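Subject: Structure handover and notes

Hello,

Here is the structure for your files. My notes follow below it.

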Amino acid sequence: MSAVNLQLDENNKLRHFLSIEGLNRDLLLRILDSAESFINITGRSVKKVPALRGKVIANLFFENSTRTRTTFELAAKRLSADVLNLNISTSATSKGESLLDTLRNLEAMDVDMFVMRHGDSGAAHFLASHANPGVSIINAGDGQHSHPTQAMLDMFTIRSVKGDFTPLRVAIVGDILHSRVARSQIMALNTLGVSEVRVIAPRTLIPSNARESLGVHVYHDMDEGIRDVDVIIMLRLQKERMSGALLPSEHEFFQCYGLTEERLQLADDEVTVMHPGPINRGVEMATAVADGKHSVILQQVTYGIAVRMAILSMAMQPSSGREQ
Amino acid sequence: MSANFTIFNARLYDPSTDAQQVTDIHIAGGKIAAIGSTPAGFSAERQIDAEGKQLIPGIIDLNCRLREPGLEQKGTIISETTAAARGGVTTVICPPDTDPVIDTPAVAELIRRRAKQSAQARVLSIGALTRGLAGEQLTEMAALKSSGCIAVSNARQPVRNNLILKRAMEYAATWEIPIFVNPLDHALENNGCAHDGRVANRLGLPGIPCSAETVAVAAMLELAQESGAHIHFQQISTGRAVEMLHEAQVKGVHVTADVAAHQLHLTEMDIEGFDSNCHLLPPLRTLADRDALRQGVAGGVINAICSGHEPHEADAKLAPFPATEPGISALETLLPLTLRLVDEKLIDLPRAISLLTSGPAEIVNLNSGRISIGADADLCLIDLDREWRFTADAMLSAGHNTPFDGWEFSGYVTQTFFEGRMTWMES
């Protein structure tokens with residue numbers, strides 16, 4: 001079953017939200033437009049709309065997360081849904097329950113939507129292909145595959161700063177190979193029609209055939225790669241990359257790929273600097289850049305709530321399988 | 001005990017002599033008594049009309065996991081040899097990674113006895129190359145050979161120390177036992193679950209590069225040459241390995257190879273949508289690799305097509321792709337997938353038959369894989385023109401894990417005979 005079929009219903013409406021792949025430009029723009037309408041709510045004193053009143057959303061996080069889980073929870077609560085937070089690492093799987101059994105049990109409790117983060121690529125597709133009709137799956141990150149809500153909030157941020165996608169040159173810097181965020185961002189940027197997506201990293205952190213498989217321009221030299229770009233997205237560098245012989249040290253990474261004020265001069269004057277967080281200051285970027293005038297890192301977090309509200313409300317099915 | 005019977009009007013092909021004829025074949029006491037006219041004193045209790053059908057030697061599968069002993073939830077000797085019979089297979093050759101491991105004559109004997117009681121095909125074991133497959137101490141290979149093991153192998157477990165591997169080869173060569181190897185560099189495999197290529201990169205699946213196979217092939221070829229052992233490479237998956245094996249064969253190194261039938265039809269593209277039935281080890285590789293494997297089959301570098309049968313219970317495949325267990329339940333698609341190569345004009349029918357019968361027989365020095373007087377009546381009768389639809393639901397294997405559900409094939413096994421006993425007939 002392809003991702004396209006799984007994510008959309010027969011009217012091409014969102015049924016699950018699993019990956020950017022298979023979604024067209026119009027749908028991505030509709031998500032951004034819908035998020036726009038929720039931005040106003042987040043600024044109000046009463047931050048709630050009744051859109052999902054009576055619906056139950058379960059947060060299934062098989063990997064630790066603070067930011068993503070919290071913003072999903074806030075998004076669901078602002079839509080008036082009831083939210084279940086399941087700390088899976090200490091409950092079901094440690095008793096040997098399979099992912100499918102976890103799904104079935106929660107479906108039996110009339111959960112309408114699952115927001116899942118899982119360490120295995122394809123986990124969200126797996127869940128979606130076995131979910132009851134009327135139950136929606138939202139991918140909050142699966143292995144190294146996809147993190148589509150992060151990509152959409154990044155697109156929202158870019159649009160709010162730049163207005164239009166088409167003239168943009170975007171550079172993504174860091175561990176592309178292991179990054180679900182990068183994969184989703186690249187697909188979203190290409191779908192939205194930016195003029196160029198570049199990835200910048202040493203050869204150990206870029207898939208060998210990235211140009212063909214991901215549709216990007218590959219750079220190994222940071223100064224060359226960020227020249228004249230409009231947006232720079234820095235990725236988080238995981239500490240364990242040092243032990244797998246992928247990098248010699250954080251120090252050398254920062255020397256070669258760290259974003260400093262000096263390097264930033266090479267980019268467009270109006271360059272926007274982004275990071276999905278959490279930042280390793282002095283590893284991916286200098287503090288002066290993270291907190292500098294080009295940085296929109298905290299806006300990304302704020303927008304994350306509105307974008308997730310948009311996606312939750314668009315993917316929620318009108319009635320659950322039981323009522324049908 | 002099997003009855004005396006005659007199969008008449010069969011299109012008979014014997015790959016050992018390359019003889020084709022339409023004739024009758026007479027079976028008595030589980031052996032082929034005569035081909036052609038009825039011998040004196042022979043009375044058939046049964047006549048089987050094979051008009052228009054192709055009679056070939058029973059298929060010999062070089063790589064088939066029955067799962068017994070140890071993993072009976074996935075399959076048993078009875079269930080899997082029943083599936084073999086449906087697929088026209090009369091001899092299955094099983095890797096030693098059962099539980100317990102086949103590293104002593106006692107375990108080999110246990111399997112032999114169970115098979116004798118219940119099997120619908122000949123079950124031959126490959127003994128372990130090292131004790132417990134731990135890659136450290138040699139097994140008693142002479143004793144394993146005496147108890148019926150036709151080869152030795154470390155299955156998918158690594159022999160990390162090349163000195164031990166070389167000595168194991170030398171020791172096996174002493175007793176003229178072929179060594180079956182699954183070329184895989186475990187460090188380069190690096191917990192991957194799909195070919196390190198375009199599709200896996202896009203899906204974020206940890207990749208297994210071609211070098212995980214070719215580095216191991218290179219090392220094993222060097223050691224094969226020095227040790228003088230017969231090394232048989234199982235289930236190769238890369239085009240580069242075909243080239244390397246060809247070079248070695250030209251130099252006169254005693255190396256042979258097989259390929260799993262599914263590797264000749266599927267590619268990395270088939271894992272799209274995270275289809276866990278296409279989670280395999282070795283992984284499905286590129287179209288170029290598939291085509292190179294096909295050329296290896298056509299050109300003679302590869303002289304056997306195996307099933308690589310690995311039945312699983314449903315739960316083993318019901319998880320996110322990387323968490324599923326690799327493998328295909330493949331006995332029932334081995335022949336149809338091989339015949340498809342004939343339809344696609346890659347090879348002719350005699351070549352296809354030899355790849356499944358005399359080819360594997362030669363690799364492990366078996367006297368079967370031929371149709372001749374006095375030989376065991378291991379036979380498979382095929383309606384070559386019959387078109388049919390393969391479905392997972394109708395499988396006889398305990399494992400229904402197949403990526404070929406719904407495929408249309410031509411060529412259908414109507415009867416299988418093992419030692420003169422009919423082990424499969426369509427109902």
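How far from a polar atom of the side chain of H312(B) does the backbone oxygen of P326(B) lie? The two are 2.8 Å apart. Before the rest, some conventions. This is a predicted model, in which local features need pLDDT of at least 70 and side-chain atom pairs count only at pLDDT 80 or more, while totals for chains, interfaces and linings use all residues. Residues are numbered from 1 along each chain as its sequence is written, chains are lettered from A and ligands numbered from 1 in the order in which they are written, and side-chain values use heavy atoms, with hydrogens and water left out.

H312(B)

H312(B) sits in the loop between strand 15 (304–306) and helix 10 (334–343) of chain B; helices (H or I, at least four residues) and strands (E, at least two) are DSSP runs, numbered from the N terminus. H312(B) has a relative accessible area of 4% and is therefore buried (buried means under 20% relative accessible area, exposed over 50%, partly exposed in between, with a 1.4 Å probe and protein chains only). Its side chain also makes a polar contact with the side chain of K74(B), at 2.9 Å. A polar contact is a pair of N or O atoms within 3.5 Å; within protein, one must be able to donate a hydrogen and the other to accept it, and residues adjacent in sequence count only if both atoms are side-chain atoms. Leaving aside neighbours within four places in sequence, the residues in contact (heavy atoms within 4.5 Å) with H312(B) include R67(B), E325(B), G327(B) and H400(B).

The two domains of chain A

The domain assignment gives chain A a domain 1 (3–145 + 304–323) and a domain 2 (148–301); the bounds come from an automatic or database domain assignment. Their centres, taken over C-alpha atoms, are 26 Å apart. Domain 1 of chain A puts 34 residues into the contact and domain 2 of chain A puts in 25. About 2400 Å² is buried between these domains, 64% of it from carbon and sulfur atoms. Buried area is the accessible area (1.4 Å probe) that two parts lose on being put together, summed over both.

The rule finds 3 salt bridges across this domain interface, a salt bridge being a side-chain nitrogen of Lys or Arg within 4 Å of a carboxyl oxygen of Asp or Glu. In chain A, E63(A) forms a salt bridge with R180(A), with the closest N and O atoms 3.0 Å apart. On the side of domain 1 of chain A that touches domain 2 of chain A, helix 2 of chain A gives the most, with 9 residues.

Chain A against chain B

Here 21 residues of chain A are in contact with 15 residues of chain B. The two chains bury about 1500 Å² between them, with 59% on carbon and sulfur atoms.

One salt bridge is found across the interface of chain A and chain B. R202(B) forms a salt bridge with E21(A), and the closest N and O atoms are 2.3 Å apart. The rule also finds 4 residue pairs in polar contact between chain A and chain B, both at pLDDT 80 or more. Helix 5 of chain A gives the most to the side of chain A that touches chain B, with 4 residues.

Regards
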